[in-house]
Amino acid sequence: MASPELVREIERRRTFAIISHPDAGKTTLTEKLLLYSGLIQSAGLVKNRKGRKATSDWMGMEQERGISITSSAMQFPYKGQMINVLDTPGHQDFSEDTYRTLTAADSAIMVLDAGKGVEVQTRKLFEVCRLRGIPILTFINKLDMPGRDPLDLLTELEEALGVQACAFNWPVGSGRDFRGVVDRRANELQLFTKTAAAGAKKSKVERIPVESDEFEERLGSQLADKVRGELELLDVAGNRFDQDQFLAGKVTPSFFGSALTNFGLEPFFDAFVEMAPSPYAREVTNDDESTVMVEPTEEFSAFVFKIQANMDRRHRDCIAFLRICSGAFEADKRVHHHRLGKMVRLSRPHSVVAKTRDALDEAFAGDVVGLISRDMFHIGDTISSGGGFRHKALPMFQPELFARISPTSTSLRKRFDKGMRNLIAEGAIQRFTPESGGETLIGAVGRLQLEVLQYRLDDEYGVETHLTYLPYQCSAWLANEELPFKPLSTSLMTRDDRGRIVVLFQSDWDKRAAAKLNPEHTLLDFA
Ligand code: G4P
């Protein structure tokens with residue numbers, strides 16, 4: 001029986017990732033969440049991307065580039081709930097880690113730029129959420145700027161992502177004429193007032209009932225009528241919110257606002273903690289290959305979703321990031337390590353927000369902990385108090401960059417092979433063997449993954465390498481390998497390290513052409 005304290009702790013946890021296309025406002029929104037939680041008193045400190053001090057500047061290279069390379073997690077209380085926000089790096093730092101982090105999240109916030117709508121990277125990240133059935137709330141940002149028609153944006157959400165959008169608030173005017181949003185649940189207008197110093201401090205919101213004379217006085221009768229008409233239309237024709245559909249990832253509650261000017265943020269964050277699920281049961285595979293659901297209140301279990309190396313150069317160690325799926329973590333406890341088939345002792349866990357590595361006193365289902373390890377963990381490993389099961393294997397994600405890599409000197413071959421073996425096992429890179437024989441090649445989701453690979457081979461194994469990029473830009477696993485596949489002359493048939501067929505294509509166009517040529521096949525972006 002779980003203790004009431006454990007149940008309470010788990011129920012108040014909200015573990016989520018923020019997904020967006022670069023520049024949509026993810027960093028700004030995250031920072032404002034810290035402001036509204038009371039963790040920071042003034043926002044704007046992380047304003048300048050180039051000049052900003054990264055929260056996770058662990059790797060030497062990371063410091064040099066001034067960016068955060070791999071995703072980390074932050075924990076802080078918000079109005080009685082405990083928030084775990086998992087960082088999903090975008091920009092050039094986009095890598096498989098960005099995808100993998102989503103496997104550790106219970107929900108996601110999708111940030112869209114109101115002027116741009118659904119962009120490429122949002123779409124990719126959304127696909128992963130859909131694959132995992134992760135519920136998503138949508139924040140349509142930058143309402144203080146001229147943007148697209150709100151109905152258009154919601155329609156695009158539905159068409160591009162195949163999810164029903166349910167507007168929780170509705171914008172009144174846009175750009176310079178932006179007047180605020182109507183909270184549809186409370187049926188009141190939240191008036192927009194531009195905050196001083198680009199939203200460094202929390203803003204107060206003035207609320208006016210839609211059915212009041214003041215509503216008309218403030219907006220003018222023409223605009224007031226227009227808004228009332230739109231609201232009526234939404235009531236009749238808009239999607240209805242259904243909590244079960246939301247939890248199944250089929251409906252996304254959508255909110256309009258502006259992260260920079262703090263507009264609509266508090267209502268959004270409040271709605272988020274109210275609606276987003278606390279940690280829920282996860283499917284595991286028993287040793288006899290049967291599957292069962294493990295409730296978060298059951299005894300301790302966790303899986304590794306990320307490994308970050310070289311976080312402390314003096315020790316040459318790695319930190320394995322674990323998502324606790326059930327129970328409570330106890331430092332120094334002996335637990336079953338499923339892949340190794342033995343008991344291991346867990347060292348003191350570390351909170352993962354900064355390089356200071358504050359030791360954690362306690363952690364519960366939903367939390368992310370970092371454990372220092374040398375070789376103990378691989379991506380996807382399960383540990384648990386009781387043993388006898390493993391969490392679902394983490395999917396592999398379609399690489400979009402391919403290359404050949406070799407040591408600059410043949411005398412380094414042995415060390416190179418060892419380094420590659422370790423880094424592939426760790427999940428740092430994917431390797432492919434052409435069906436026709438010949439040299440193996442490597443694949444990555446982002447360019448940074450390849451740069452990190454070269455850096456680590458050099459730094460940790462003393463091997464300088466030479467990288468030759470190949471002309472492939474996307475790839476696919478085959479859902480059914482038994483069926484014969486007709487490749488294009490420009491594609492390459494390979495096998496991944498798990499022995500599955502992967503076809504490499506030189507362009508999306510080629511991939512679509514191959515799909516047409518092989519209608520009986522389903523081409524998978526994840527496997
Ligand atoms: P990202 O993490 O998703 O990449 O986006 P980020 O928050 O860094 O925001 C990208 C740019 O958009 C930043 O401007 C930021 O100030 C701006 N921005 C974010 N939210 C809003 C909003 O609600 N309204 C407006 N008008 N702008 C917003 P920048 O000029 O690129 O950088 P900075 O020098 O201002 O940091």
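**Exercise 1. Find the residue that stands opposite Leu-401 in β25, and place the strands concerned in their sheet.**

Solution. Step 1: in this predicted model, the residue of β25 that stands opposite Leu-401 is Ala-444.

Step 1: extend the view to the strands. β23 covers residues 401-407 and β25 covers residues 441-444; the two run antiparallel and are joined by three bridges.

**Exercise 2. Give the strand order of the open sheet of four strands, and explain why one side of β7 and of β10 is left without a neighbour.**

Solution. Step 1: the order is β7-β8-β9-β10, and the pairing is antiparallel.

Step 1: β7 (169-172) and β10 (206-209) are at the edges and have a single partner strand each, so one side of each has no neighbour in the sheet.

Step 2: from one strand to the next, the twist averages 30°.

Step 3: look at one pair of strands. β9 (residues 188-191) and β10 run antiparallel, joined by four bridges. Within that pair, Leu-189 has Ile-208 of β10 as its bridge partner.

**Exercise 3. For the hairpin of β2 and β3, give the number of residues between the strands and the residue in the turn with a positive phi.**

Solution. Step 1: β2 (residues 73-78) and β3 (residues 81-86) are antiparallel and share six bridges. The bridge partner of Tyr-78 in β3 is Gln-81.

Step 1: Asn-262 lies in the loop between β11 (251-256) and α10 (265-275). Asn-262, also a residue other than glycine, has a positive phi, near 65°.

**Exercise 4. Trace the pairings of β12 with β13 and with β22.**

Solution. Step 1: β12 (residues 282-286) is joined to β13 (residues 291-294) by four bridges, and the strands run antiparallel. Val-284 has Val-292 as its bridge partner in β13.

Step 1: the hairpin of β12 and β13 has four residues between the strands, and Glu-289 takes a positive phi near 70°.

Step 2: turn to β22. β12 pairs with β22 over three bridges, again in the antiparallel sense. In this pairing, Thr-285 stands opposite Arg-390 of β22.

**Exercise 5. Describe the second largest pocket by its space, its lining residues and the domains they come from.**

Solution. Step 1: about 580 Å³ of space lies in this pocket.

Step 1: the lining has 25 residues, and those nearest the centre are Ile-379, Gly-380, Leu-394, Ala-425 and Arg-498.

Step 2: sort the lining by residue class. Eight residues are nonpolar, eight are polar and nine are charged.

Step 3: assign the lining to elements. At least two residues come from each of α4 (96-103), β22 (389-391), α11 and β24.

Step 4: assign the lining to domains. Domain 2 (282-391) and domain 3 (401-524) each give at least three residues.

How values were computed
Residues numbered from 1 in each chain as written. Predicted model: local features only at pLDDT ≥ 70, side-chain atom pairs only at ≥ 80, totals over all residues. Heavy atoms only, no water. Pairing = 2+ DSSP bridges. 1 Å grid on protein atoms, 1.4 Å probe; cavity = no way out; pocket = protein on both sides within 12 Å on 5 of 7 lines; lining within 4 Å. Points joined across faces, edges and corners; volume = space filled by probe spheres on them. Nonpolar A, V, L, I, M, F, W, Y, C, P; charged D, E, K, R; others polar. Domains from an automatic or database assignment. Axes fitted to C-alpha atoms, helices over the stretch in contact; angles between N-to-C directions.
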